[in-house]
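Good morning, and thank you for coming.

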Amino acid sequence: MGCDEKQDSAGGRLRVQDIPSLTQDHCRMQDPAKVERIINEFVFGGPERMQIVSDFDYTITKQRTEDGGAVPSSFGIFNACQSLPKNFKEETDKLYHKYRPIEIDPHMPIEEKVQYMIEWWTKSGKLTSGFAFDQSEIDQIASKYKHALRDRTHEFFGDLERLGIPTLVFSAGLGNSVVSVLRQANIMHPNVKVVSNFLQFRDGLLDGFQQPMIHTFNKNETVLNGSDYYDLVHTRDHIIVMGDSIGDADMASGVPASSHIMKIGFLFDHVEANMEKYMNTFDIVLVDDQTMDVPRALLALIEKQHQLNLQAAKQSSL
């Protein structure tokens, strides 16, 4: 793992200014002292206390490609499937153009947005009913976008698997597309769990989405209560949360109050209008950063200290 920090061999306190990926111009922090404090808690706690909670659309996938090409959302991948009825595409396009501007509107209060998101998801579910559909169509479209992940995402997921860190991909999009992209990109490792909206079928026909409905502003770990995954992670109190929208910052709601949470926000749309809100919401705001370099740097720090601890323990047992 590449590690871009200066840390003395005695495992001294890390400082933000000594971590190059956090001193770049596009990396913004409202409270660097808080970020520094959480990083040191993470490093001290080691990988066994860590978990990752990440959005998928435009967080694991890029917000823009170098050639300017658009990266479709997980629902966009579904909507590109050829067998969908013509009126389905027309109606879902109408819904998108009506509700997507509301979702990313920097001025509308979240409480107001929630009602619109429920409307959008409910109407989408009704449209996604009553016709035959084959998952292989999603796989065909998804294969075109398995390379549209943030730079060094493969390495990041490899780091997480190697360190045994549970990784929750939390998506208000379409889970069938999310899982297909992750599988085809070879990063759907055993430590990765996807919670999202999955298609359901009845009598061989599509019948909307499985419950509970997950939209942009209700994604949080309370929906996991009672699940095997919740049992796995509820004692892991060091959490990195990553997302591209304000609602993503609350994905770790429901974990113990004593938890240390680092919130990383990827900002691309309406940068100036959104900057203040993102800075107030996320601990680290990455402006037009299409890489996984910052979360990888945090893992590298955690792993380096972990290795030092293992070496020290080995020496003391001799």
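This is a predicted model: local features need pLDDT of at least 70, side-chain atom pairs count only at pLDDT 80 or more; totals for chains, interfaces and linings use all residues.

Let us start with the core. In soluble globular proteins, nonpolar side chains tend to be buried together. Here the largest nonpolar core holds 81 residues, and the members that touch the most others are Leu22, Ile39, Met262, Ile264 and Ile284. Which residues does leucine 22 touch, once those up to four places away in sequence are set aside? They are Val16, Cys27, Met29, Val35, Ile39, Ile284 and Val294. Apart from this there is a second, separate core of 9 residues, including Met275, Met279, Phe282 and Val287.

Cys27, one of those contacts of leucine 22, brings me to the cysteines. A disulfide is a covalent bond between the sulfur atoms of two cysteines. How many disulfides does the structure hold? The number is 0. Cysteine 27 has a relative accessible area of 7% and is therefore buried. Cysteine 81 is likewise counted as buried, because its relative accessibility is 0%.

I now turn to charge. Side chains of opposite charge can pair when their charged atoms come close. Across the whole structure, a search finds 15 salt bridges, and I shall discuss some of them.

One joins aspartate 18 to arginine 15, with the closest N and O atoms 2.9 Å apart. Aspartate 18 has a relative accessible area of 15%, so it counts as buried, while arginine 15, at 40%, is partly exposed.

Another pairs arginine 100 with glutamate 103, at 3.0 Å from N to O. Both belong to helix α3, residues 86–103, where they sit 3 residues apart, about one turn of the helix.

Is aspartate 159 buried or exposed? At 4% relative accessibility, it is buried; arginine 162, at 46%, is partly exposed. Shared partners extend this pair into one network of salt bridges made up of Asp159, Arg162, Arg296 and Glu303.

What lies 2.9 Å from a polar atom of the lysine 113 side chain? It is the backbone oxygen of glutamate 103. Beyond residues up to four places away in sequence, lysine 113 touches Ile102, Glu103, Ile104, Asp105, Met108 and Phe217.

Finally, the backbone. Most residues other than glycine have a negative phi, and most peptide bonds are trans. Glutamine 211 and proline 212 are joined by a cis peptide bond, with omega about 0°. Proline 212 is in the loop between β6 (205–209) and α8 (228–233).

Tyrosine 58, although not a glycine, has a positive phi of about 65°. Its loop runs between β2 (50–54) and α2 (74–79). With a relative accessible area of 19%, under the 20% limit, tyrosine 58 is buried.

Histidine 270 also has a positive phi, of about 50°. This residue lies in the loop between β8 (260–267) and α9 (271–281), and it is partly exposed, at 45% relative accessible area.

Thank you for your attention.

Notes: Residues are numbered from 1 along each chain as its sequence is written. Side-chain values use heavy atoms; hydrogens and water are left out. A nonpolar core is a set of buried Ala, Val, Leu, Ile, Met, Phe, Trp, Tyr and Cys residues joined through side-chain atoms within 4.5 Å. Buried means under 20% relative accessible area, exposed over 50%, partly exposed in between (1.4 Å probe, protein chains only). Contact means heavy atoms within 4.5 Å. A disulfide is a pair of cysteine sulfur atoms within 2.5 Å. A salt bridge is a side-chain nitrogen of Lys or Arg within 4 Å of a carboxyl oxygen of Asp or Glu. Helices (H or I, at least four residues) and strands (E, at least two) are DSSP runs, numbered from the N terminus. A polar contact is a pair of N or O atoms within 3.5 Å; within protein, one must be able to donate a hydrogen and the other to accept it, and residues adjacent in sequence count only if both atoms are side-chain atoms.
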